[in-house]
Amino acid sequence: MCSIHTVIPHPLFCCCYETLNGKCLALRTNITSFSKAMSENGALPLRGKVLTLDTMNANVKKVDYAVRGPIVQRAVQIEKELKEGVKKPFEEVIKANIGDAHAMGQRPITFFRQVMALCTYPQLLDDNKFPEDAKNRARRILQSCGGNSIGAYTTSQGIDCVRHDVANYIQRRDGGIPSDPDNIYLTTGASDGIVTILKLLTTGEGRTRTGVMISIPQYPLYSASIAELGAVQINYYLNEEKCWSLDISELQRSLQAAREHCNPCVLCIINPGNPTGQVQSRQCIEDVIRFAAKENLFLMADEVYQDNVYAEGCAFHSFKKVLFEMGPEYSSKVELASFHSTSKCYMGECGFRGGYMEVMNMDPEVKAQLTKLVSVRLCPPAPGQALMDLVVNSPQPGEPSYQTFMKERTAVLSALAEKAKLTEEILNTVPGISCNPVQGAMYSFPRITLPERSINEAKAKGQAPDMFYCMKLLEETGICLVPGSGFGQREGTYHFRMTILPPTDKLKIMLNKLKEFHQKFTQQYS
Amino acid sequence: MAKEVSECTVWEIRVMKLMGTPVGDRNNWSISNYFYLQVLAACFYPALLEDDSLPLDVKQRAESLLRECDGGSVGSYTDSSGITKIKHCVSQFITRRDGGVPSSPDNIFIKSGSQTIMLKLLIHSKDSCQTGVLIPVPTYASFIIALEEQGAAIIPYHLCEEQGWTLQVEELRKALHTGRKTCNPVALYICNPGNPTGHIQSRKSIEEVIRFAAEERLFILADEVYQSCVYGDDTEFYSYKKVLSEMGSTICSTVELASFNSVSKGFMGECGLRGGYMELVNLDPAVKEYASRLFSARSCPPVVGQIALDLMADPPKPGDPSFPTFSEVGEVFAELPGISCQPLKAGFFVFPCLHFSLKAIKWAKKRQMEPDMLYCLRLLEETGLHVRPGCEYGQRKDSHHIRFVKADDFHISLFKIKDAME
């Protein structure tokens with residue numbers, strides 16, 4: 001079956017794909033000889049571009065990352081307009097779209113930044129304004145770096161002593177279950193690790209193409225990467241009525257349906273959840289592991305919010321820990337990759353791009369390929385690696401910086417817990433908005449009831465109804481949120497994701513403005 | 001060993017002894033110029049801005065960079081293609097480098113690893129007609145892996161070793177012709193200055209390549225990360241963008257080009273910071289929109305790397321308090337007997353000329369070694385300092401050089417030598 005698509009209405013330039021080799025080549029020969037003829041006459045042919053929407057890798061067109069999508073672009077534009085003095089019904093844009101704590105005024109942990117400064121400019125090691133424990137950490141990190149400098153390349157898998165420290169941290173966290181530094185890969189944020197593993201696992205064609213199971217709603221890095229890699233996205237729905245919990249029967253249903261058209265081999269889970277904020281119970285984690293074992297699925301556990309747990313009765317259980325406590329029947333078999341990062345928790349150091357992944361039970365030959373794959377991007381940023389080291393090797397009782405460190409850490413986490421509660425409370429007072437408890441992470445993902453007329457108007461514009469809502473919200477109040485359609489949701493339901501990161505006072509104002517807006521919007525479109 | 005030492009001239013021993021500042025186990029060279037390190041440290045830990053010890057230009061630069069960060073913190077996310085002000089700085093750097101050819105910040109994407117994103121756009125990995133990329137032989141291994149990872153067909157073209165690893169268009173033509181039999185070539189990858197060859201394309205060669213790409217409808221990927229490392233009297237780096245801009249309106253407005261540069265190799269050598277950028281020329285605006293999306297799905301480039309890029313693109317100028325650290329090196333050498341050094345204009349290496357006594361030259365000959373090689377070995381043994389001999393890089397017959405990195409302790413040791421000599 002041959003088809004030729006003309007990109008530019010010009011006899012010379014045709015782009016062809018979905019053609020048989022022969023046809024493809026024949027056309028190119030024509031082009032070449034024509035252009036040769038032209039140049040022999042002294043004139044270069046008018047050329048269409050080599051890289052156009054039609055010649056571009058088609059997978060890229062499916063890539064969508066709502067967190068930084070069109071609504072954010074509009075927000076940035078509005079900020080510019082405000083700076084230029086344009087009059088608006090608000091004075092500032094509140095960017096509650098992205099999980100960036102420092103941007104919202106959270107202070108960095110003093111100890112971490114001191115060590116980073118010492119690592120970068122070692123002359124400061126002679127400065128008595130820096131505490132001894134910070135200096136010792138800095139010296140240790142520098143000794144492990146090539147040329148004693150944080151500016152040098154590191155090995156692709158990451159600085160040795162950092163990987164050792166990460167392994168020790170995991171062991172301590174998981175009650176003594178051993179962790180091998182060889183299974184630790186430092187990454188450029190958790191995203192880098194997640195995409196790398198997906199790359200490694202994506203293979204096959206058509207019915208044998210790799211299927212990746214991901215929760216709906218999900219953090220759109222997953223959908224974007226799956227689209228980019230040309231893997232198949234398999235949605236399993238979290239249960240909104242039960243506080244976004246995970247039902248094994250739903251996993252089963254989605255897997256069965258997927259087996260008709262692809263080869264499911266990966267199960268991704270985000271715990272604590274983004275955007276939903278749910279913290280999985282230990283029982284649930286065991287059930288998921290059992291399911292993955294039975295169905296031969298590679299487990300990817302995104303645990304970047306592991307310190308962000310607020311609700312009473314909730315606790316973080318790492319997949320690794322639970323896996324090992326389930327005995328050798330599972331712990332020696334189930335393939336698992338767990339991810340962590342410096343961007344969230346109490347650190348909020350997104351800009352450092354620090355992270356790690358721990359891989360368990362990976363086939364040694366596949367692991368060798370993984371090591372090769374990470375070598376392509378040479379190495380993760382050294383400062384990010386150093387910061388990761390400090391996160392897993394933070395001040396201990398007795399050390400000079402311990403008290404200040406704990407004070408700062410506790411302040412951040414308790415403020416977040418307070419804001420989580422506040423957000424849930426205020427949003428639930430709004431008729432038409434219903435908000436599940438924010439058990440963990442940094443977001444709330446409330447359900448909004450949209451009037452029929454607004455839904456129709458949105459559809460007429462070619463916009464998702466919740467995008468239409470969020471755009472209006474932005475234009476009228478300056479509040480920037482991400483519509484639920486960017487994360488996935490059950491058909492016919494609408495949501496938005498907002499962060500709980502603005503300082504408490506600003507958050508209160510923001511929530512009240514939202515309340516006002518929703519009531520106004522509902523009235524306007526009723 | 002001791003016997004060999006006694007055969008050196010008194011001068012040589014003195015220099016060697018005085019050069020012996022402790023460097024610990026520093027076995028990889030690295031750049032350490034105070035200005036950059038101080039700015040980075042102050043950005044990490046802004047309490048340092050209240051420190052009296054930091055020079056004014058350091059404080060001002062750190063403050064201005066922190067102002068561009070959300071919440072005044074280098075821990076915040078930034079725009080996916082990089083901080084706007086830094087992109088402006090980079091575009092100005094490019095314009096200066098290219099003698100005035102305009103550069104727009106909108107066409108600049110800060111990201112180390114931006115080559116992978118271009119490959120992702122260009123390559124269809126599932127096509128019946130596999131996308132091909134022309135690459136030079138030899139080329140560095142991780143780029144080959146990157147191509148394989150994307151599912152590209154690799155079309156090798158050979159560089160001509162006999163003529164100093166030059167690029168011959170005829171060879172390109174041959175390779176393309178062969179490539180067309182089995183795949184759909186869309187891009188031509190150039191590495192200039194070359195890795196690992198170290199060769200630099202002449203202006204004429206660049207023009208020929210651009211013309212070839214125009215005729216054969218190829219997207220040019222110009223890897224120019226070594227552009228600051230240019231040695232030798234007759235060599236000059238020409239950017240593909242500059243040459244393209246001077247080739248007549250048809251070519252300069254149609255040939256699609258992506259140029260890559262980084263802080264890893266050039267001026268600063270701060271590889272671990274992962275700062276780099278890509279400049280796009282003549283990219284279809286609709287495709288650029290998708291390029292932006294790919295960048296946004298990757299969050300943002302590390303802020304520290306972005307800052308390093310800013311410092312590379314806009315280093316201290318004459319008159320700035322931190323400027324003397326750069327030029328003093330040359331001046332100090334000028335005052336040392338037996339060593340002379342050309343004024344340092346660029347790069348991060350110092351390549352002074354050593355004037356050995358006849359005795360020293362004879363001594364080296366007896367050991368069947370180049371005098372500068374022997375000097376370097378003695379220096380390493382005596383002081384732990386690691387410098388490279390000029391014979392590894394090429395020099396005129398009977399002249400001897402050493403190459404070393406402008407590092408802090410050299411700065412100190414140079415002054416020590418100077419003081420001792422006086």
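This is a predicted model: local features need pLDDT of at least 70, side-chain atom pairs count only at pLDDT 80 or more; totals for chains, interfaces and linings use all residues.
The expected span of a helix is 1.5 Å times one less than its number of residues.

- Helix α9 (residues 203-216) of chain B has 14 residues, and from first C-alpha to last it reaches 20 Å, close to the 20 Å expected.
- Buried residues in α9(B) include I206(B), V209(B), I210(B) and F212(B).
- Helix α6 (residues 114-122) of chain B is mostly covered, with eight of its nine residues buried; among them are I117(B), M118(B) and L119(B).

**Aromatic pairs**
- Over all chains, the count comes to 21 aromatic pairs.
- Take F112(A) and Y346(A): their ring centres are 6.2 Å apart and their planes are at 40 degrees, so this pair is tilted.
- F112(A) lies in helix α3 of chain A and Y346(A) in the loop between β7 and β8 of chain A, so the pair ties together parts 234 residues apart in sequence.
- Both F112(A) and Y346(A) are buried.
- F517(A) and F521(A) make another tilted pair, at 5.6 Å centre to centre and 35 degrees between the planes.
- Those two, F517(A) and F521(A), sit four residues apart in helix α17 of chain A, about one turn of the helix.
- F517(A) and F521(A) also belong to one aromatic cluster with F468(A), Y469(A), F496(A) and Y525(A).

**Charges over rings**
- The charged end of R68(A) sits over the ring of Y77(B), 5.5 Å from its centre.
- K320(A) lies over the face of F324(A), at 5.7 Å from the ring centre.

How values were computed: Residues are numbered from 1 along each chain as its sequence is written. Chains are lettered from A and ligands numbered from 1 in the order in which they are written. Side-chain values use heavy atoms; hydrogens and water are left out. Buried means under 20% relative accessible area, exposed over 50%, partly exposed in between (1.4 Å probe, protein chains only). Rings of Phe, Tyr and Trp (its six-membered ring) pair if their centres lie within 6.5 Å; planes under 30 degrees apart count as stacked, over 60 as edge-to-face and the rest as tilted. A charge sits over a ring if NZ of Lys or CZ of Arg is within 6 Å of the ring centre and within 35 degrees of the ring normal.
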